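Trainee: I am new to this structure and would like to learn how to read its features. Could we take them one at a time?

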Amino acid sequence: MTRNSRKHGAHDGAHAEAGGAAHGGAAYDVVVVGGGTAGLSAALVLGRSRRRVLVVDAGEPRNAPAAHMQGYLSRDGMPPAEFLAEGRRELARYGVEIVRDLVGAVVPDGRGGFTLSLADGPSVRARRVVLATGLVDELPDVPGLAERWGRDVLHCPYCHGWEVRDEAFGVLASEPFNSHQALLVTQWSKDVTLFLDKVGELPDAEWERLAAAGVSVVEGEVAGPVVEDDRLTGVRLTDGRVVPRSVLFVAARPVARSGLLDALGAHTEDTPFGPYPALDETGRTSVPGIWAVGNAASPMEQVINAASAGYRAGVALNAELVMADIDAEAARRRAGVFSPETEAAVARSVAGDGVHGFAS
């Protein structure tokens with residue numbers, strides 16, 4: 001079949017596994033669920049590969065509370081919202097469609113593709129699906145932390161340490177291993193206090209390391225942060241004591257938004273942060289045709305890692321579709337009037353009628 005119409009390089013989506021018309025009951029080569037860094041990166045690669053791509057974005061990026069993102073070469077200090085907006089502008093050049101919506105379910109269609117139901121629109125079909133649904137940071141059960149999250153209640157010194165260097169750090173220990181976080185942040189400040197909160201005791205080796213690093217330790221349950229003039233000034237304990245601090249690091253529990261994968265029966269692996277999908281090096285899950293990237297795949301992915309994961313998935317996914325189409329065409333030819341002998345003759349005639357170096 002000859003395809004004469006391509007808009008902005010976008011693929012027309014006419015395939016054996018999924019066919020259809022425009023958005024609204026439409027069929028796509030790939031639907032990307034999630035419009036954060038990983039999802040947009042995968043969509044960019046696929047759009048540049050002339051694939052018909054739809055990104056369904058709920059508009060809930062993990063780093064939304066942060067004023068800036070750090071550690072991304074050439075984009076260090078850029079506001080996350082501005083970064084994503086620039087990514088969406090780039091995708092438009094390649095005909096990638098983006099809608100603000102929620103995907104309620106991803107259901108195999110029995111033909112190698114999937115049907116995706118949207119909360120506010122008609123279902124769409126896809127040959128392949130990339131899940132870039134991210135995760136939710138569950139904070140310790142301490143009143144007032146959520147209101148300061150991403151401002152002066154922080155979790156990652158690589159994301160925020162430079163901006164708060166040499167300030168008075170607090171570290172809230174909700175688990176015994178959180179003492180490691182207190183040791184780590186001494187690289188950014190030598191004024192560090194570890195609040196044991198509900199942690200009963202630490203191993204002797206940890207006490208030794210904390211002392212060697214100059215970390216102060218406060219025992220007693222934490223009541224919450226003290227805020228004055230919209231800034232953190234201390235940490236209050238339930239016995240009434242207030243320890244002056246201007247920054248509080250906490251270890252949030254990263255919980256993957258895994259409902260769609262769970263419903264598909266994807267295999268998972270146990271991690272220190274709970275179950276996460278079992279993947280190959282490109283993000284391919286145990287469910288054929290489904291990839292997972294970014295924080296949906298790993299709690300440790302920073303923005304720059306998420307972009308890389310999306311790129312790898314896009315490259316692998318496009319290659320899989322290319323080979324699937326070629327194999328499907330070869331199968332159709334085998335089932336028709338063609339034979340291996342006649343196909344070889346056609347290939348030789350196309351490749352080099354009279355061209356030197358080919359045997360006739």
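Mentor: Start with Asp 191, which is partly exposed at a relative accessible area of 36%. Buried means under 20% relative accessible area, exposed over 50%, and partly exposed in between (1.4 Å probe, protein chains only). This is a predicted model, in which local features need pLDDT of at least 70 and side-chain atom pairs count only at pLDDT 80 or more, while totals for chains, interfaces and linings use all residues. Residues are numbered from 1 along each chain as its sequence is written, and side-chain values use heavy atoms, with hydrogens and water left out.

Trainee: Which residue forms a salt bridge with Asp 191?

Mentor: Side chains of opposite charge can pair when their charged atoms come close. The rule used here asks for a side-chain nitrogen of Lys or Arg within 4 Å of a carboxyl oxygen of Asp or Glu. Asp 191 pairs in this way with Arg 245, and their closest N and O atoms are 3.0 Å apart. Arg 245 is buried, with a relative accessible area of 9%. The element names come from DSSP runs numbered from the N terminus: helices are H or I of at least four residues, strands are E of at least two.

Trainee: How many salt bridges does the rule count?

Mentor: The count comes to 20 salt bridges. One of them joins Asp 152 and Arg 148 at 2.9 Å, N to O. Asp 152 is buried at 10% relative accessibility, and Arg 148 is buried at 5%.

Trainee: Where do Arg 333 and Glu 329 lie, and how many residues apart are they?

Mentor: Both are in helix α8, four residues apart, which means a separation of about one helical turn. Arg 333 and Glu 329 form a salt bridge with closest N and O atoms 3.2 Å apart. Arg 333 is partly exposed at 30%, as is Glu 329 at 34%. Elsewhere, salt bridges that share partners join Asp 29, Arg 51, Arg 127 and Asp 325 into one network.

Trainee: What lies in the nonpolar patch on the surface?

Mentor: A patch is made of residues with over 30% relative accessible area and no salt bridge; like charges are joined within 9 Å, and nonpolar side chains (Val, Leu, Ile, Met, Phe, Trp, Tyr) within 5 Å. Here the members are Val 322, Met 323 and Ile 326, with about 250 Å² of accessible area together. Such areas come from the Shrake-Rupley method with a 1.4 Å probe, and for residues only the protein chains shown count as cover. Ile 326 belongs to helix α8 (residues 303-335) and is partly exposed at 47%.

Trainee: What is the strand order in the open sheet of three strands?

Mentor: Two strands pair if DSSP finds at least two bridges between them. The order is β12-β13-β14, with antiparallel pairing. β12 (222-228) and β14 (242-244) are the edges; each has a single partner strand, so one side of each lacks a neighbour in the sheet. Six bridges pair β12 with β13 (residues 231-237), and Glu 228 stands opposite Arg 231 in β13. In the loop between β12 and β13 is Asp 230, whose phi is positive, near 60 degrees, though the residue is not glycine.

Trainee: How many disulfides does the rule count?

Mentor: A disulfide is a covalent bond between the sulfur atoms of two cysteines. The rule requires a pair of cysteine sulfur atoms within 2.5 Å, and the count comes to zero. Cys 156 is buried at 7% relative accessible area, and Cys 159 is buried at 15%.
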